[in-house]
Amino acid sequence: MCGIFGAYSQSGKPVLEDVYLGLYALQHRGQLSAGIAWINNGSVSIKNGTGLVHEALNQNELATIDTNAAIGHVRYATAGGTSSENCQPLSANYAQGPVAIAHNGNLTNFHGLASYLENRGAIFHTSADTETILQLMAHQPNTVQLEALENALVKLRGAYSLVVLIEGSLIAARDPWGFRPLVIGQKDDTIYISSESCALDLLGAKLIRDVAPGEVLIIDKRGIISQTLPSAEAHRKRHCSFEYVYFARPDSVIDGHSVYNARKNLGALLDKGDIPQDAIVAGMPDSGTLAALGLAQKTKMPIESGVVRNRYIGRTFIQPTQRVRDAGVKIKLNPQPGIFQDKEAVIVDDSLVRGTTAGRIVSMIRESGAKKVHMRIASPPVCFPCYYGIDTPTSDELAAAQMDRQTLCKSIGADSLTYLTCDELAEAIGLPREELCMACFDGSYLENEEYENLLEV
Ligand code: AMP
Ligand code: SF4
């Protein structure tokens, strides 16, 4: 996943604290590391560290540094493993000067590009696909930086939303398919670039618009200059539908569509008239809450906060003793006592990946006295891995890739299990299906013709 943020003040105001706060609002997109970069007097400065934003960075220290342009990144590991050398932003100082970059996405032609560059003498410092962009720029020592960056971008395939700093400019770019979100905001004379609009709200900035697929924005003293990558027109849009299902924050608006509304619509579409009206609806906290609300509002069925989650579990290390293993999922989730006694329960979650969570919750709700447990999943079955920046298991670990619906329903111990279709997912988001990526649901990845020979630099 990962979250990126950039700020540029045209009147020269310091922006590092804004970037810190922006990253704070994007924390849900990555908790492994956080970093901020800026350029002063021809060299890049970077502060970064592992863990959450407040653990990795010192807000008070950043607030004292005077720089009017900066970029930041919160990291969730996909390409490149978890080691600290892969903290972003990445930076380089090469023939044309300093550059720093923060990337959300995953480059599908990374290995081809990396061996092309290594055969020409490049030495990679990290195992992150993002470094290929810096290496491609450095391999054009006589080309000005903006042009070198654009030449590099047309060679990339897969997902990239980027913020890049060169001396005097903040640059934002989004791949021609628009896989990962990226928005522009403004407050007074400060321009912001963010993975999601929720970070703009925190800063009191106004959402101007999304960065268009294939668009490169140059933000400097002149204002915002928009350019379009030459290859952009040739590709159809593929906005990630999973952002609306699970990843993005519900208070964000992505490509003109509210994540909150999409989740409630997904829930409403789960109404197939196949559940008794007096069954109790409950969402899995927090991922299924909005879909459960949408289903209950549509059907007028009673909704309860029927499952309670320990919010601190992700940050707590509990010794894996036998006693802890016996407590199992109850360490994380616990049904509200009495709510489901002698009732039918409809448990709603946003997605089912390995099926572990669903299996555990069904047996827990049954133990708490429910007569029947119906599992409702507010997305289509996840049957294929993602190659565009989301960490999903391989097909042999994906429950819906291994079993048909009846077998899966039995294996999680539910009385019934239903999903949505890809068309329903598009309908809930409000975008045409052709403009959405649904590869993890329908296996339709970038076509071969979108991989023409890209290697001549
Ligand atoms: P599972 O137990 O593997 O079926 O996990 C399903 C749960 O994981 C759902 O409740 C989702 O909210 C959440 N989820 C879905 N996709 C991902 C992902 N790529 N990374 C982490 N959590 C996910
Ligand atoms: Fe999003 Fe799935 Fe496409 Fe990956 S494969 S970009 S998770 S819709």
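Predicted model: local features only at pLDDT ≥ 70, side-chain atom pairs only at ≥ 80, totals over all residues.
Residues are numbered from 1 along each chain as its sequence is written, chains are lettered from A and ligands numbered from 1 in the order in which they are written, and side-chain values use heavy atoms, with hydrogens and water left out.

**Overall picture**

- The protein has 16 helices and 23 strands, taken as DSSP runs numbered from the N terminus (helices H or I, at least four residues; strands E, at least two).
- The radius of gyration of the protein is 23 Å, which agrees with the value near 23 Å that a compact globule of 457 residues would have, the rule being 2.2 Å times the number of residues to the power 0.38, over C-alpha atoms.
- Taken along the principal axes, the C-alpha atoms fill a box of roughly 75 × 50 × 45 Å.
- Of the 457 residues, 56% are buried (under 20% relative accessible area, with a 1.4 Å probe and protein chains only).

**Helix 10 and its surroundings**

- Within helix 10 (residues 289–299), the buried residues include Leu290, Ala291, Ala292, Gly294, Leu295, Ala296 and Thr299, and their cover includes helix 9 (259–268), strand 17 (280–283) and strand 20 (344–349).
- Helix 9 and helix 10 pack at an angle of about 55 degrees with their axes 6 Å apart, where axes are lines fitted to C-alpha atoms over the stretch in contact and angles run from 0 to 180 degrees between N-to-C directions.
- The contact joins Tyr260, Arg263, Lys264, Gly267 and Ala268 of helix 9 to Leu290, Ala291, Leu293, Gly294, Leu295, Gln297 and Lys298 of helix 10, and its residues divide into 6 nonpolar, 3 polar and 3 charged.
- Lysine 300, which follows helix 10, has a positive phi, near 60 degrees.

**Helix 5 against helix 6**

- Helix 5 (residues 131–138) and helix 6 (residues 145–153) have their axes 8 Å apart and pack at an angle of about 125 degrees.
- On the helix 5 side, Ile133, Leu136 and Met137 meet Gln145, Ala148, Leu149, Ala152 and Leu153 of helix 6, a contact with 7 nonpolar, 1 polar and no charged residues.

Methods:
Contact = heavy atoms within 4.5 Å. Nonpolar A, V, L, I, M, F, W, Y, C, P; charged D, E, K, R; others polar. Buried < 20%, exposed > 50% of the residue type's maximum accessible area, 1.4 Å probe, protein only.
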